[in-house]
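Hi,

Here is the structure I promised to send over.

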Amino acid sequence: MKKAIAIMMALCLLLGVGALAEETVRSDALVIYFSATGTTKGVAEKLANVTGADLYEIVPAEPYTDEDLNYSDRSTRATREQDDPQTRPEIGGEDIELTGYATVYIGYPIWWGEEPRIMCTFVESHDFTGITVIPFCTSGGSGIGRSGDDLAQLAGSGDWLKGARLNGNVGEDELRAWVDGLK
Amino acid sequence: MRTRQKNLRRTVDIGMTVLLLLQMAYQATGEAAHEWLGMGMTALVIIHQIINRRWYASTFKGRYTAYRAVSACLNAMLIVSFALTALCGMAMSNYAVPFLYGVVRVSLVRMAHLSMSHWSFVLMGLHLGLHVPAMLQGLKEKVRRALSAACAAVAGVGLYLFLRNGMPDYLFFRVPFAFLDYEKAGALVLLENVAMLLFWAFMGWQAAVALRGRERRWVSVALMIVAVIIGMALNAALPNREEAPFSSGWSAAVPRAGMETIYTQRSLS
């Protein structure tokens, strides 16, 4: 009887360890994104699908309302933040640990031709050493411009590629082709 | 004029026109090429001024006919709008002259660049048109008439596209940054640009014919009216962007957060 219980417990332990092991096994790729209206989020999710990467959303401590995003009013939050390159909106939600990832895709919408300032907050507070970082953006019309280079400079670590602007409704095939072309 | 000089002139003229059409296809050329082509176009425009320096020298000489007055005003506006377009473009450069980025507040410079570039487009079309009668002098009157009639139809389509693509909003400083359709085939974007330019060139052409008065004026005025009517009728008949047979290269997609413009208001209903 005691032997049977011991064997069962051993089996349970093994299963437990197995389950635990699965949870801690991560992809070596990560897609980080910030999305105010959902466009970048859609692209990030597709990208994570295509690359088998983990997904992490940068959630602002103070969410952006529709009024905050009103770009025809110069006094609204997003416009004011973009006018000031030094401002650093706070990030809320859980933090992410970057060690262990070999490739990190970092995505954001283009606001007033540049990266949203919350992206600056993020890159300044994380270490990208040993990681290949690939910025991507969505926009009304702008290309990626200098946003990737800006973030690379602020991060001060990591191997930053040029990155690209992706269409809001980019297809998985197109994404796959882009990712393959990066290697 | 000696042939070599004439050839140089024509080459520069054609170059500027081709570059203009490409510049208005930002999403097809990409941002880096847009900047470099812009620098190239600026160089050509400067060369064009140097080639035509005698026009500057004669500004205060001789009699001003109606045609000459209109042409001179137009040229003055054009050189100012182009200069502003180029300077504002350089002040937000990421590739060609990145050291100029931010010399003036970028959000301001962007709106100016978008507005001035569209004014330049319109004025360049008119400017081109004003010089067409001189180019067609060799043709018989009947041929010119037939050509005018055919162009009136295409010009009407060009006006329709101009309206549908929300271009007037750019002219009146209502666009803080461009919404571009990246999914549209580059060739189609260029074709639309040709049609839109053709509308303004046609209007300039017929205006020149009417002003110079060497042919019956009413014909050219009537053709201008016909082109405008065609354009406006198409715009009224095909209001919905999604349903229209021409998909827009510069479609001002539904702007979020309450930006109301003349044309998006109409098409949203």
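In helix H11 of chain B, the buried residues are B:Ser220, B:Leu223, B:Met224, B:Ala227, B:Ile230, B:Gly231 and B:Leu234. Buried here requires 20 or more other C-beta atoms within 10 Å of a residue's own, exposed means 12 or fewer, and partly exposed is in between, with C-beta atoms placed from the backbone.

Before going on, some housekeeping. This is a predicted model, in which local features need pLDDT of at least 70 and side-chain atom pairs count only at pLDDT 80 or more, while totals for chains, interfaces and linings use all residues. Residues are numbered from 1 along each chain as its sequence is written, and chains are lettered from A and ligands numbered from 1 in the order in which they are written. Helices (H or I, at least four residues) and strands (E, at least two) are DSSP runs, numbered from the N terminus.

Back to H11(B): this helix covers residues 217-237, 21 residues in total, and reaches 30 Å from its first C-alpha to its last, close to the 30 Å expected at 1.5 Å a residue (the expected span is 1.5 Å times one less than the number of residues). Its buried residues pack against helix H8 (141-164) and helix H10 (186-212) of chain B. H10(B) has 27 residues and spans 38 Å, close to the 39 Å expected, and is followed by B:Gly213, whose phi is positive, near 65°.

What does B:Ala227 touch, not counting residues up to four places away in sequence? The list is B:Ala152, B:Ala155, B:Gly156, B:Leu159, B:Phe199 and B:Phe202, where contact means C-beta atoms, placed from the backbone, within 7 Å. B:Ala227 also belongs to the largest nonpolar core, of 59 residues, where B:Ala155, B:Phe199, B:Phe202 and B:Ala227 touch the most other members. H10(B) gives the most to this core, with 14 residues. Apart from it lies another core, of 42 residues, among them A:Phe34, A:Ala53, A:Ile106 and A:Ala152. A nonpolar core is a set of buried Ala, Val, Leu, Ile, Met, Phe, Trp, Tyr and Cys residues joined through C-beta atoms within 7 Å.

Next, a loop residue. B:Val175 lies between helix H9 (167-171) and H10 of chain B, and counts as buried because it has 25 C-beta neighbours inside 10 Å. Its C-alpha is 7.4 Å from that of B:Leu114, 61 residues apart along the chain.

As for the two chains, their contact takes 19 residues from chain B and 16 residues from chain A. Helix H6 (residues 106-130) of chain B gives the most to chain B's side, with three residues.

Overall, chain B comes to twelve helices and zero strands, and buried residues make up 36% of its 269 residues.

On confidence, chain B averages a pLDDT (the predictor's confidence in each residue, from 0 to 100) of 87, and 88% of the residues score at least 70. Over residues 242-269 of chain B the pLDDT is below 50. The model scores ipTM 0.78 and pTM 0.84.

Cheers
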